[in-house]
Amino acid sequence: TGSTRPQRILRAVQKNSTRGSPCSVVNAIDDYCKHKEWAMNVGDEKGIIVDDVVLELKPITVLELGTYCAYSTVRIANLLPPEAKLITLEFNAESAAIAREIITWAGLEEKIQLIIGASGDWIPRLKEEFGIETFDLVFLDHWKDRYLPDTKLLEKCGLLKPGAVLLADNVICPGTPDYLDYVRNSPRYKSKFYRSHLEYTQEEDGLEHSVFLGMAGRGAE
Ligand SMILES: Cc1ccc(Cc2cc(O)c(O)c(C(=O)NC/C=C/[C@H]3O[C@@H](n4cnc5c(N)ncnc54)[C@H](O)[C@@H]3O)c2)cc1
Ligand SMILES: [Mg+2]
C-alpha cells in the first residue's frame with residue numbers, strides 16, 4: 001500500500017530540514033506543499049499573521065485544535081517564551097503519530113503536549129489533567145463545524161480569561177459562518193478579520209482574531 005500525505009510530509013521534513021531547527025522544518029513543509037503536494041497547513045502567508053499575533057501576545061499557555069502534521073504547532077511553539085507550553089489536540093492517530101515525529105525532529109517536544117483525542121472530550125478535562133488555569137491563546141484549525149461548539153465549551157469550562165485570544169484559520173475557505181457570526185456579534189468578544197489567501201493558492205481566505213472580554217462581556221446582555 002502507498003504512503004499517506006502526512007507520511008510524505010514527514011519524509012520531506014527529514015530530507016530537507018535540519019534536526020532541531022523549527023524554522024527549517026516550517027520551510028521544508030511549505031516548500032513541499034507549494035511545489036509537490038498541497039496540504040492543509042496554515043501555510044506561509046497566513047503563517048506570518050499567526051507569527052505576528054504570537055509575538056505581540058507573548059502567550060504562556062496555548063491550545064491548538066487540530067494538529068494535523070504539526071506545521072502550525074511547530075511554527076507557534078518556536079516563537080513562545082521559554083516557560084510557555086502549547087497543548088495540541090488531534091483525534092486521528094495516524095496524523096498524531098506523524099505530528100509527534102515532526103515535533104521531535106524540530107526539537108520542540110519539551111514545549112508541546114500532543115494529546116490524541118477529540119476536542120469535545122478533552123477540553124473539559126484540561127484543567128484537572130494538565131493543571132491548566134486558562135489559555136492565553138487558542139488556535140482553531142480543526143473541522144470547521146467544531147469551532148463554535150468548542151468555543152462555547154471553552155467558555156463553559158472557564159478556560160478563557162479576559163484578554164485571551166481566539167485565532168481561527170479558514171473563516172472564509174472552507175468557511176466557518178456560525179462561528180464568525182458568534183464572535184462578531186457576541187458582547188463577549190472583540191473580533192477582527194485578517195484577510196489573506198488559502199495556503200499555497202490564490203483563493204480568498206483569512207484568519208479571525210477574537211479577544212475574549214469576559215462572560216459578562218461589555219454593553220447590554
Ligand atoms: C471546500 C474546501 C475543502 C478544503 C479546503 C482546504 C482546507 C484548508 C485548511 O486550512 C483547513 O484547515 C481545512 C480543514 O478541513 N481542516 C480540518 C482539519 C482537521 C484536522 O484536525 C483533526 N480534527 C478535526 N476535528 C477534530 C477534533 N474535534 N478534535 C481533534 N482533532 C480534530 C483532524 O483529524 C485533522 O487532522 C481545509 C478548502 C475548501
Ligand atoms: Mg486550516
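Residues are termed buried when their relative accessible area is under 20%, exposed when it is over 50%, and partly exposed in between (1.4 Å probe, protein chains only). The structure is a predicted model, in which local features need pLDDT of at least 70 and side-chain atom pairs count only at pLDDT 80 or more, while totals for chains, interfaces and linings use all residues. Side-chain values use heavy atoms, without hydrogens and water; residues are numbered from 1 along each chain as its sequence is written, and chains are lettered from A and ligands numbered from 1 in the order in which they are written.

The magnesium ion (ligand 2) has as protein donors (N, O and S atoms within 2.8 Å of the metal, or 3.2 Å for Na, K and Ca; water is not among the atoms, so sites may look incomplete) D141 (OD), D169 (OD) and N170 (OD1), at 2.0 to 2.2 Å. D141 lies in the loop between β4 and α8 (147–156), and D169, 28 residues apart from it, in the loop between β5 and α9 (171–175). Both are buried, D141 with a relative accessible area of 13% and D169 with one of 0%.

I102 touches I9, L10, V13, V25, C69 and V74, residues up to four places away in sequence not being counted.

Key. Contact means heavy atoms within 4.5 Å. Helices (H or I, at least four residues) and strands (E, at least two) are DSSP runs, numbered from the N terminus.
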